[in-house]
Amino acid sequence: MASSEVHSDSDDGMDALMDKFKTQRYKKGFNEDTWEEEFNKVPMFMKSAPEEIDPREYPELACLQAIVHDEDRPPEEQAESMKDEGNAFFKEKNYEKAILSYTEGLKKKCGDEDLNTVLLTNRAAAHFHLGNMRSALNDAATAKKIKPDHLKALIRGAQCCIELRNFAEATRWCDEGLKAHPTDKKLRELRAAADKHKRAAERDARKAKAKEKKLHGEKETLLAAIKERGIKLFQSVKRPQRHSDSEDENEASSAAITELSLDGLSSQEVTGAQVFLDEQGSLHWPVFFLYPEHQQSDFISAFCESTCFIDHLAIMFGEELPPWDMDRKYHPQNFQLFFEDMVKETLYQVDPEMTLLKVLQHKRYSH
């Protein structure tokens with residue numbers, strides 16, 4: 001009978017409570033307008049952790065953080081908590097904070113080798129996603145020292161080496177890993193990729209070396225052709241050490257051969273033209289014409305050494321004169337040509353009927 005009364009009282013109380021909600025709003029519930037924001041402040045339902053945890057705004061989260069960072073707990077528990085925190089940041093792709101958490105876990109210096117290895121490989125993964133390949137490789141290498149057969153450390157080390165284009169080292173990491181894990185698919189794939197990249201890099205290096213050798217041979221042939229014509233190349237840069245005249249000449253020519261283009265004119269405006277030797281054995285030079293009176297210029301990128309100046313002038317100032325020649329006085333037969341000695345600041349007159357070779361063999365270049 002007593003039991004029946006208690007049950008009846010309980011039912012009466014529940015009815016009264018439900019009746020109360022019909023006339024009064026529940027004051028401690030979520031606000032209808034801001035319920036999503038309030039809901040997100042509950043740690044269990046948070047989509048992401050706040051940057052700064054204010055105990056007044058996030059009291060529950062602040063309590064959890066205090067538990068996680070409790071220094072009175074054993075180092076293993078603290079390191080495990082920091083690992084979990086780092087993993088949560090990692091899932092959110094907040095790799096910088098993940099690295100900080102994993103680092104704090106490692107600072108606990110717990111005696112659990114498995115846990116320390118996981119902290120290192122996880123931190124290596126975070127560094128890898130940030131593009132910090134050297135740091136990622138260092139963590140993978142440290143993890144491998146603790147656990148030489150740790151699969152994730154071996155895979156991450158190989159990946160880092162490939163990204164750093166150290167393909168031989170990547171192959172070594174894969175070979176070490178395959179000794180412990182001979183059937184691992186990822187290691188086999190990385191091994192094949194490293195070998196492929198290595199062979200491609202070696203092939204590219206051979207091509208670059210062959211190209212360099214060819215260019216050097218072409219320059220040497222070009223230099224020999226220039227010397228054979230009695231043309232000397234001059235550099236404006238002074239050399240600190242003085243040798244004999246013949247040594248100076250050879251050194252100047254060898255150095256100048258790398259700059260076989262008009263000084264100060266190797267730009268996009270003049271296409272970076274350079275001296276070259278054609279199949280018939282004729283030299284072609286870039287030649288710059290300046291008309292100071294009108295502040296105008298012309299550029300011939302390949303002026304054949306056997307061609308006379310008048311031949312080019314007849315083309316440039318033939319039937320159609322340039323628009324800037326308002327007085328119509330720039331006719332081939334009226335031209336006076338000069339070339340400038342930039343060192344002595346002297347002008348030398350040139351006969352338009354002369355070939356370019358004759359001008360290049362001028363006494364200015366033979367002393």
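Let's start with two helices. The axes of helix α8, residues 151-163, and helix α10 come within 10 Å and cross at roughly 20°. An angle under 35 degrees counts as roughly parallel, so α8 and α10 are roughly parallel to each other. The crossing of α8 past α10 is left-handed.

Who makes the contact? On the α8 side, the residues are Leu 151, Leu 154, Ile 155, Ala 158, Gln 159 and Ile 162. On the α10 side, they are Lys 186, Leu 187, Leu 190, Ala 193, Ala 194 and His 197. Look at the spacing of those numbers. An α-helix has 3.6 residues a turn, so residues three or four places apart point the same way.

One caution before we go on. This is a predicted model.

Now the whole protein. The secondary structure comes to 13 helices and 5 strands. The protein has 367 residues, and 33% of them are buried. Take the contacts with a separation of 6 or more: 46% of them join residues 24 or more positions apart.

Look at the ends of α10. At the N-terminal end, Asp 184 is the cap. One of its side-chain oxygens lies 3.2 Å from the backbone nitrogen of Lys 186. Just after the helix comes Gly 230, with a positive phi of about 75°.

Which residues of α10 are buried? They are Leu 187, Leu 190, Ala 194, Leu 222, Leu 223, Ala 225 and Ile 226. Leu 187, Leu 190 and Ala 194 are among the residues in contact with α8.

Next, helix α4, residues 75-91. Its 17 residues should span 24 Å at 1.5 Å a residue. The end C-alpha atoms are 24 Å apart, so the two values agree. The buried residues here are Gln 78, Ala 79, Ser 81, Met 82, Lys 83, Gly 86 and Phe 89. Note that a lysine is on that list, Lys 83. After α4 comes Lys 93, whose phi is positive, near 65°.

Helix α5 covers residues 95-107, and helix α6 covers 113-130. They pack at an angle of about 155°, with their axes 9 Å apart. Angles over 145 degrees count as roughly antiparallel, so that is how α5 runs relative to α6. This crossing is left-handed too.

The contact draws on both helices. From α5 come Tyr 95, Glu 96, Ala 98, Ile 99, Tyr 102, Thr 103, Gly 105 and Leu 106. From α6 come Asn 116, Leu 119, Leu 120, Asn 122, Arg 123, Ala 126, His 127, His 129 and Leu 130.

Let's zoom in on Leu 130, which is found in α6. What does Leu 130 touch, leaving aside its neighbours within four places in sequence? Tyr 95, Glu 96 and Ile 99. Glu 96 is 34 residues away along the chain, yet its C-alpha is separated from that of Leu 130 by 8.1 Å. Is Leu 130 buried, exposed or partly exposed? Partly exposed, because its relative accessibility is 32%, and that class runs between 20% and 50%.

Now a strand. His 284 sits in strand β2, residues 283-291. Its relative accessibility is 13%, so His 284 counts as buried. The side chain of His 284 makes a polar contact with the side chain of Asp 278, at 2.8 Å. Not counting residues up to four places away in sequence, His 284 touches Gln 274, Val 275, Phe 276, Asp 278, Ala 302, Phe 303 and Cys 304.

Last stop: two loops. Gln 295 lies in the loop between β2 and β3. Its phi is near 55°, a positive value in a residue other than glycine. Gln 295 counts as exposed, because its relative accessibility is 73%.

Arg 328 lies in the loop between α12 and β4. Its phi is also positive, about 55°, although Arg 328 is not a glycine. With a relative accessible area of 41%, Arg 328 is partly exposed.

That's the tour. Thanks.

Methods:
Residues numbered from 1 in each chain as written. Predicted model: local features only at pLDDT ≥ 70, side-chain atom pairs only at ≥ 80, totals over all residues. Heavy atoms only, no water. Buried < 20%, exposed > 50% of the residue type's maximum accessible area, 1.4 Å probe, protein only. Helix = DSSP H or I, 4+ residues; strand = E, 2+ residues; numbered from the N terminus. Polar contact = N/O pair within 3.5 Å; in protein donor to acceptor, adjacent residues only side chain to side chain. Axes fitted to C-alpha atoms, helices over the stretch in contact; angles between N-to-C directions. Parallel < 35°, antiparallel > 145°, perpendicular 65-115°, else oblique. Left-handed = near helix turned anticlockwise from the far one by under 90°. Contact = heavy atoms within 4.5 Å. Expected span 1.5 Å × (residues − 1).
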